[in-house]
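Thanks for asking me to go through this one with you. Below are my notes, as numbered points to read with the structure open beside you.

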Amino acid sequence: MTTKAVLAAVDDDAAPLTHHQLRELYTLMAAVRHLDTSAVAWQRQGIIPGYAPELGQEAAQVGSGYAVDRTRDFVFPTYREMGVARAMGLDMVGYMSTHKATWHGGMYNPLESRFAPIQAVVAGSVLHAVGWAHGQTLSGHAEGETGVAMTYFGDGASSQGDVHEAMNFAAVMKAPVVFFIQNNGWAISLPTERQVAGGSVAARAAGYGIPSLQVDGNDVVAVFEATRSALAHCRAGNGPVVIEAMTYRRGPHSTADDPGRYRTLDEERTDAGEDPLERFRQRLLDEGVADEAFFAEAQRKAEEEEEAIRTGIEDLGPRPGAEMFGLVFQEPTPALQSQATAWREESEHV
Amino acid sequence: MSETMTALPGIEAAAAGVQQLSMQQALNRALDEILAENPKAVIFGEDCGRLGGVFRITDGLQAKHGEDRVFDTPLAESGILGMSVGLAVAGFHPIPEVQFDGFAYPAINQIVCQIARMNYRSRGTLPMPITLRVPSFGGIRAPEHHGESLEALFAHVPGLKVVSPSTPNDAYHLLKYAAARPDPVIFMEPKSRYWQKGPVDLTSVDAATAAHDGGADNGSNLTGARVAREGRHLTLVAWGAMVARCLQVAELAAEDGIDVEVLDLRWLKPIDAEALATSVGKTRRAVVVHEAPLTSGLGAEVAQLITQSCFATLKAPVERVTGFDVPYPSGDLEDEYIPNIDRILFGIQRVLEYRRG
């Protein structure tokens, strides 16, 4: 794929991943896989009302999220970036609370975690990333020091006008933003070929003069390296980059979806390709980076982690109703205050 | 305002006192001072920079404050408003402009789903101190989408605040006040009033603080409505360009011995319910005047607030004189659409002549 041709100049000094980092990537992917499949089970068990699985996208999410510098970069997600969140070290009970229906946007602190609130209008946050990135330019960081905005969206979102506006704005303003597309083949029921004109999302970048690359989204190391290159490119003041990680959504769009209506199990098996987790495990074995004991330990840790997160979200009580009124504005209006008073007087949730 | 600041074109150099300024000059002056006083304030939109805006509200600001503080964007309203969200997350105080009211529609997703909700979604950790300037309402015989009345739409959205000045003095002070707020404010400028001059009291250096502390500014608190004219027999409630028209109507009515009070609502969210109760509690009759279509317009909200506080003493149902339930018409029909003096006088007559049963 086209990575090196476009961005090699700023990537010459990048060291190869150490064995420790490779093992860390695997540990993260194992944790994400287990949490993701568990969350689907939680929904079936009635622990959470709904979830948007990311089965098969672990490499795309962990590889890119791992490259983010949490001291200065900022990520603008949609609603299927659990693996990015985990790779960035978010409080996962806070993250999952949005799927528990505790609070739209989650219960984590976006400023501390450098991860904007989860939201469902899929192209909306792409423009936010451009604005945040332009803010870095206005703040006048020294060359190589600037924070970079990472915005995540899918092949479906790329059909929305906001993505076009965002790419155009970013290119005109040379904003340090990485457009990270996870092309998972499906926008709910619509396959990429009926969603994306022009062959690929990455191809569109050329129209804006933005360097782009397609990367094997099921290869965690390739994704990491591509993201690291893109971040370096942006940090050096060269403007935005588009990365299209080619992957596959192995499961349903959400726990309410029935993929059997638009694809067969045979198609799923054929089109999904090699499982990114299994593929990485094999590589680590072949290269002598990790052994069976390590994988067993990674799995044990993933299970332990999932259990703690599940307990955490099961323990989340309903939010106090007053928050419904108290968090709309920084300076509440008199009308809202009187509605809150009336609610308190008329409800039993005093 | 700093004494060393250079005056912009068309504005005398005096740093304080009362000056005769047009609303365009008053807004320009306010933006100039906001940029000087708040290093995090940034102004942007289509043609805001070198041109100074199609209405020249940002005239001279880029030359004076630099291209980082006042900049042109590509032509895309969703982009402008979406960008505002990101800048706010990054700690800036964006003051974006959409060039004309009708072009807020292409950005409605960013305004409603993003700007209005980000504080709530983030549990108060990502405030949106965005002041969206919208040249608003009709009266200049402009092409389609260049004259719309979006106040009810904006006021209905949880998370937004809406204000519309009617005088140069209010334009100056309300804009400075709005830009100092930590919440998103839709600032609806009555474009047909941009060139009308009026006294602007520049004495109050920190109007925002004064108003926020509950202090009076030029005799009126910036957080609520303003009595534009005192009267005993009936209250006309209006905002934006309709305030001046209602004042004209009040003068004409006075010739017939009818003493009309004119209440300039100013804030369309939150509405100053107390000022409505006080005024109509006194006059016992009310007519709401707005340019927007009748059905589900803000006049209905105002009428309900009045009914709630004054039902027992009202001498007649609250009347409405408004635009019609039609798309905003072409210039040739504009005078038929926007409440004119005669229609407002008929509204007053209906209220005065109302008989029970």
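Predicted model: local features only at pLDDT ≥ 70, side-chain atom pairs only at ≥ 80, totals over all residues.

1. Let me begin with Gln214(A), which counts as partly exposed because its relative accessibility is 24%. You will find Gln214(A) in strand E6 of chain A, residues 212-216. The side chain of Gln214(A) joins that of Glu244(A) through a polar contact of 3.0 Å.

2. Staying in chain A, have a look at strand E3, residues 177-183, where seven of seven residues are buried. Which residues cover the two faces of E3(A)? On one side are Val177(A), Phe179(A), Ile181(A) and Asn183(A), and on the other Val178(A), Phe180(A) and Gln182(A), all of them buried.

3. E3(A) has a partner in strand E2 of chain A, residues 149-154; the two run parallel and are joined by six bridges. If you want a place to start looking at the pairing, Thr151(A) stands opposite Phe179(A) of E3(A).

4. Next comes a loop position, Thr98(A), between helix H5 (92-96) and helix H6 (110-113) of chain A. Is Thr98(A) buried or exposed? Thr98(A) counts as buried, because its relative accessibility is 18% and the cut-off for buried is under 20%. Beyond its neighbours within four places in sequence, Thr98(A) is in contact with Trp103(A), His104(A), Gly105(A), Gly106(A) and Ile118(A).

5. Now the interface. Here 41 residues of chain B are in contact with 40 residues of chain A. The two chains bury about 3,400 Å² between them, and 65% of that is on carbon and sulfur atoms. On the chain B side, Tyr120(B), Arg121(B) and Arg123(B) lose the most area to chain A, together 23% of what that side buries.

6. What polar links are there across the interface? Between chain B and chain A, 17 residue pairs are in polar contact, with both residues at pLDDT 80 or more. The side of chain B that touches chain A draws at least two residues from each of helix H3 (77-89), helix H4 (108-115) and helix H5 (118-121) of chain B. H3(B) gives the most to this side, with ten residues. Sorted by class, the side has 20 nonpolar, 14 polar and seven charged residues.

7. Two salt bridges are found across the interface of chain B and chain A. One pairing to inspect is Glu331(A) with Arg181(B), whose closest N and O atoms are 2.8 Å apart. Over all chains, the whole structure has 39 salt bridges.

8. Within chain B, the side chains of Glu33(B) and Lys176(B) form a salt bridge at 2.8 Å, N to O. Glu33(B) lies in helix H1 (residues 23-37) and Lys176(B) in helix H7 (residues 168-179), so the pair ties together parts that are 143 residues apart in sequence. Both Glu33(B) and Lys176(B) are buried. They also belong to a network of salt bridges that links Arg29(B), Glu33(B), Glu37(B) and Lys176(B).

9. A salt bridge also joins Arg133(B) and Glu97(B), with the closest N and O atoms 2.8 Å apart. Arg133(B) is in strand E5 (residues 131-136) and Glu97(B) in strand E4 (residues 93-97) of chain B, so this pair ties together parts 36 residues apart in sequence. Arg133(B) counts as buried at 1% relative accessibility, and Glu97(B) is buried at 5%.

10. Asp170(B) and Arg226(B) meet through their side chains in a salt bridge of 3.2 Å, N to O. Asp170(B) is in helix H7 and Arg226(B) in strand E9 (residues 226-229) of chain B, 56 residues apart. Both Asp170(B) and Arg226(B) are buried.

11. Finally, Lys197(B), in strand E8 (residues 197-201) of chain B, is exposed, with a relative accessible area of 56%. Leaving out residues up to four places away in sequence, Lys197(B) touches Gln20(B), Leu21(B), Ser22(B), Gln25(B) and Pro168(B).

How values were computed. Residues numbered from 1 in each chain as written. Chains lettered and ligands numbered in written order. Heavy atoms only, no water. Contact = heavy atoms within 4.5 Å. Buried area = accessible area lost by both parts, 1.4 Å probe. Salt bridge = Lys/Arg side-chain N within 4 Å of Asp/Glu carboxyl O. Polar contact = N/O pair within 3.5 Å; in protein donor to acceptor, adjacent residues only side chain to side chain. Helix = DSSP H or I, 4+ residues; strand = E, 2+ residues; numbered from the N terminus. Nonpolar A, V, L, I, M, F, W, Y, C, P; charged D, E, K, R; others polar. Buried < 20%, exposed > 50% of the residue type's maximum accessible area, 1.4 Å probe, protein only. Pairing = 2+ DSSP bridges.
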